[in-house]
Amino acid sequence: NGIKMANATNGLAVGSAGTALRTTNGTSWAPVSTGISTSLTLFSVDTMNPATNGWATGELEVSSGYHKGAIMKFNGSSWSQWDTGNSSGVRWLTSIDMVNSTIGYAAGNNTGADPNYNNVYKTTDGGATWSAMSSGTGKMLNNVAFMDRNVGYAMGDEGRTIRTTDGGATWTIEALGTNIPMFGATAVPNS
């Protein structure tokens with residue numbers, strides 16, 4: 001479902017059934033156990049150096065028909081999970097973008113009466129903890145991309161695109177002129 005290459009030879013890939021793979025030569029891939037099998041689906045992955053770090057987002061089935069968002073952190077040899085604390089509804093975390101090894105953002109959806117509906121999550125400690133930041137949108141967010149630690153975008157269903165210039169503290173709706181779901185964005189870092 002997701003792949004991120006740190007350079008031409010080193011990368012991580014994630015998918016369904018708890019699948020995580022790593023390459024160190026750019027041609028062959030080896031499994032790296034997430035410790036969770038069939039109940040975990042990962043959608044997005046980011047890494048600066050797969051030998052030492054990686055982060056992935058997705059959904060974890062905690063009981064039949066009940067899912068919650070999952071954020072996984074990779075330390076170069078094993079994965080650990082951060083609990084989103086979802087209390088109701090269904091949450092998918094569909095995208096993650098790490099600005100550097102400490103600051104990153106994740107986005108997704110929750111379809112329930114949850115105060116964290118359609119939030120963007122932010123970490124400032126490398127993914128050990130995440131804080132929910134209200135996006136101000138009532139649409140599912142499919143992708144998040146940051147240019148630097150302050151300027152970023154999130155996009156989702158019905159063409160909804162939002163922008164922040166203060167590290168996610170506030171978000172402004174950007175008019176794209178379309179109602180088509182938006183699934184991908186890349187932000188080019190400031191130079």
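So, how many bridges join β2 to strand β3, and in which sense do the two run? Four bridges, and they run antiparallel. Before I go on, keep in mind that this is a predicted model.

Let's stay with that end of the chain for a minute. Strand β3 covers residues 20-23, and strand β2 covers residues 11-14. If you want a contact to click on, Val-14 has Ala-20 in β3 as its bridge partner. The two strands make a hairpin with five residues between them, and in that hairpin Ala-17 takes a positive phi near 55°.

Now go to the other neighbour of β2. Strand β1, residues 2-5, pairs with β2 in the antiparallel sense, over four bridges. That is a hairpin too, with five residues between β1 and β2. Here the spot to look at is Ile-3, which stands opposite Ala-13 in β2.

What about the faces of β2? In a regular strand the side chains alternate between the two faces of the sheet. In β2, Gly-11 and Ala-13 sit on one side, Leu-12 and Val-14 on the other, and all of them are buried, so both faces are covered.

Ile-3 tells another story. Its relative accessibility is 55%, so Ile-3 counts as exposed, the cut-off being over 50%. Together with Met-5 and Trp-29, Ile-3 makes a nonpolar surface patch of about 270 Å².

Okay, on to the rings. A pair of aromatic rings is described by the distance of the centres and the angle of the planes. There are three aromatic pairs in the structure. One of them is Tyr-105 with Phe-146, which is stacked, at 3.5 Å centre to centre with 5° between the planes. These two come from distant parts of the chain, 41 residues apart: Tyr-105 is in strand β10 (residues 104-110), Phe-146 in strand β13 (residues 141-146). Are they buried or exposed? Tyr-105 counts as buried because its relative accessibility is 0%, and Phe-146 counts as buried at 5%.

Phe-146 has another ring partner, Trp-171. There the centres are 6.3 Å apart and the planes are at 90°, so that pair is edge-to-face. This one also links distant parts of the chain, 25 residues apart, with Trp-171 in the loop between β15 and β16. Trp-171 is buried as well, with a relative accessible area of 13%.

Note on methods. Residues are numbered from 1 along each chain as its sequence is written. This is a predicted model: local features need pLDDT of at least 70, side-chain atom pairs count only at pLDDT 80 or more; totals for chains, interfaces and linings use all residues. Side-chain values use heavy atoms; hydrogens and water are left out. Patches are made of residues with over 30% relative accessible area and no salt bridge: like charges are joined within 9 Å, nonpolar side chains (Val, Leu, Ile, Met, Phe, Trp, Tyr) within 5 Å. Accessible areas come from the Shrake-Rupley method with a 1.4 Å probe; for residues, only the protein chains shown count as cover. A salt bridge is a side-chain nitrogen of Lys or Arg within 4 Å of a carboxyl oxygen of Asp or Glu. Buried means under 20% relative accessible area, exposed over 50%, partly exposed in between (1.4 Å probe, protein chains only). Rings of Phe, Tyr and Trp (its six-membered ring) pair if their centres lie within 6.5 Å; planes under 30 degrees apart count as stacked, over 60 as edge-to-face and the rest as tilted. Two strands pair if DSSP finds at least two bridges between them.
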